[in-house]
Amino acid sequence: MFSIKKLKASKPKPYSNPLKVKVIGVGDKSTYTTADGKEKQLVPLGVADKEDSIKVSLYEVDKLPLLKAGECVVLSNYVYRADPHPTIVVTAVTRVMKTSAFAVPEDVKLTAKAIANPAPAKIITIHDAKKSPIKSLVSIKGRVISEEIIRTVQVRGTDVQVRNVRVKDGTEEVKVALWRDQVDGCKVGEFLEFSNLVTNSYMDEVSLSTTQRTKIQEQSLPMKNLNLDFPLWWKTETHFRQLVSP
């Protein structure tokens with residue numbers, strides 16, 4: 001029987017070789033836009049055999065009921081990609097067949113779980129986030145000090161909503177672009193944690209953008225700020241702006 005270790009040592013290409021794996025972890029669904037402008041869903045999985053683990057990118061979400069955590073299956077007619085990380089691509093032509101159960105070593109199982117649900121990027125200050133290399137994943141905490149109106153832009157021929165906000169911590173402030181279903185994720189005055197933002201640079205300005213893995217969560221205001229007056233705001237036609245900074 002073909003194995004994950006043998007697959008990783010092979011050339012990136014389509015394979016019909018049957019591969020017996022156990023689904024260890026199932027990640028969150030995300031939406032992507034195809035080259036012809038269609039929106040589709042993708043689900044990351046972490047699978048393993050008795051020796052090794054690997055990521056599965058499930059582009060055919062109708063097969064998800066066969067690929068629940070704990071299921072043992074045989075895959076065939078899949079695509080192997082080595083870059084940037086070893087990945088099995090499951091498409092409409094991939095065959096997924098249930099098979100007999102088998103045990104996976106605990107260390108291999110832990111690696112597979114992390115593949116499906118990777119830990120969020122480390123929380124750093126906005127100053128350090130703006131100094132990070134472009135396209136880095138970062139997490140920050142801060143207060144939303146201004147917001148713009150929601151705009152609709154074209155991404156690969158599809159209308160996509162985006163809204164810019166400015167977030168400030170004790171070091172600096174930064175523009176954060178909220179994309180798609182994140183556009184309503186925050187309001188002026190809220191103290192929030194933004195996980196898995198990506199750093200960008202345009203016209204010498206470093207900014208951050210939400211990604212498919214971004215989560216926005218309300219946080220308690222740091223104790224050192226609790227005795228401060230709440231800031232005042234004024235509204236323009238396009239955004240709210242802080243009038244008095246705490």
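Reader: Leaving aside its neighbours within four places in sequence, which residues is Ile88 in contact with?

Author: This is a predicted model, and the answer is read from its atoms. Once neighbours within four places in sequence are left aside, the contacts of Ile88 are Leu7, Leu19, Ile54, Lys55, Val56, Ser57, Leu75, Tyr78 and Val79.

Reader: Which residues have the most contacts inside the largest nonpolar core?

Author: The largest nonpolar core has 22 residues, and among the elements that give two or more residues to this core are helix 1 (4-8), strand 2 and strand 8 (87-90). A second, separate core of 17 residues includes Ile126 and Phe194. Inside the largest core, the residues with the most contacts are Leu7, Leu19, Tyr78 and Ile88.

Reader: Is Lys20 buried, partly exposed or exposed?

Author: Lys20 lies in strand 2 (residues 19-26), where its side chain makes a polar contact of 3.1 Å with the side chain of Ser100. Buried requires under 20% relative accessible area and exposed over 50%. Because its relative accessibility is 22%, Lys20 counts as partly exposed.

Reader: Which side chain of opposite charge is nearest to Lys63?

Author: Lys63 sits in the loop between strand 5 (53-58) and strand 6 (72-76), and the residues that Lys63 touches include Leu58, Val90 and Thr94. Lys63 is buried yet has no salt bridge, a pairing that would need a distance within 4 Å. The nearest side chain of opposite charge, at 6.0 Å, is that of Glu60.

Note on methods
Residues are numbered from 1 along each chain as its sequence is written. This is a predicted model: local features need pLDDT of at least 70, side-chain atom pairs count only at pLDDT 80 or more; totals for chains, interfaces and linings use all residues. Side-chain values use heavy atoms; hydrogens and water are left out. Helices (H or I, at least four residues) and strands (E, at least two) are DSSP runs, numbered from the N terminus. Buried means under 20% relative accessible area, exposed over 50%, partly exposed in between (1.4 Å probe, protein chains only). A polar contact is a pair of N or O atoms within 3.5 Å; within protein, one must be able to donate a hydrogen and the other to accept it, and residues adjacent in sequence count only if both atoms are side-chain atoms. Lys and Arg count as positive and Asp and Glu as negative; His and the chain ends are not counted. Contact means heavy atoms within 4.5 Å. A nonpolar core is a set of buried Ala, Val, Leu, Ile, Met, Phe, Trp, Tyr and Cys residues joined through side-chain atoms within 4.5 Å.
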